[in-house]
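User: I'd like to go through some of the labels on this model. Can you tell me what stands behind each one?

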Amino acid sequence: MRLSDIKKKVLSWRRNDEASVEPLIDSGELFRPAVILCVLIIAIVMTALLVIQAAYDYRRLFNDHQVLVHQWDELQVEWGQLLLEQSTWGGHSRIESEAESRIGMRAPEPSDIEIVRDEQ
């Protein structure tokens, strides 16, 4: 409703000078802005809830990531220890001592060694 329409209504009200007062704005004109306002309020509330949910998900995923990084570090340490243990168990001196003690193997004397050459 325009300003000129409102002025006309006010002037007609003053002229009629009746006991019944005609409203300046009818209820139909107030309904649309009220609906728009309600929709905007609902949209703002929904957006705020989604922001809260996103922040919660981020914090939860960050904590999960930190746990996984800590587990990765522990596994790296354990892997290093296993590699060290493997090199210890597979060392030449260890194999030689086990061969001597378990199955009685010994290193041959230099006089017992024969070199065979492939001559064509």
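Predicted model: local features only at pLDDT ≥ 70, side-chain atom pairs only at ≥ 80, totals over all residues.

User: What makes Leu-37, Ile-41, Ile-42, Val-45, Met-46, Leu-49 and Ile-52 a nonpolar patch?

Analyst: Patch members need over 30% relative accessible area, and nonpolar side chains are joined within 5 Å. Take Leu-49, which lies in helix α2 (residues 27–89): its relative accessible area is 49%, so it clears that cut-off. Together the seven residues named in your question have about 690 Å² of accessible area.

User: Why is the Tyr-58 and Phe-62 pair called stacked?

Analyst: A search of the whole structure finds one aromatic pair. Tyr-58 and Phe-62 form it, 6.2 Å centre to centre with 25° between the planes. Pairing needs centres within 6.5 Å and stacking needs planes under 30 degrees apart, so the pair counts as stacked. The two are four residues apart in helix α2, which means about one helical turn separates them.

User: Why is Tyr-58 called exposed, but Phe-62 partly exposed?

Analyst: Exposed means over 50% relative accessible area, and Tyr-58 has 57%, so it qualifies. Phe-62 has 40%, so it falls between the 20% and 50% cut-offs and is partly exposed.

Notes. Residues numbered from 1 in each chain as written. Heavy atoms only, no water. Patch = residues over 30% accessible without salt bridge, like charges linked within 9 Å, V, L, I, M, F, W, Y side chains within 5 Å. Areas by Shrake-Rupley, 256 points an atom, 1.4 Å probe, with all protein chains shown as cover. Salt bridge = Lys/Arg side-chain N within 4 Å of Asp/Glu carboxyl O. Buried < 20%, exposed > 50% of the residue type's maximum accessible area, 1.4 Å probe, protein only. Phe/Tyr/Trp six-rings, centres within 6.5 Å; stacked < 30°, edge-to-face > 60°.
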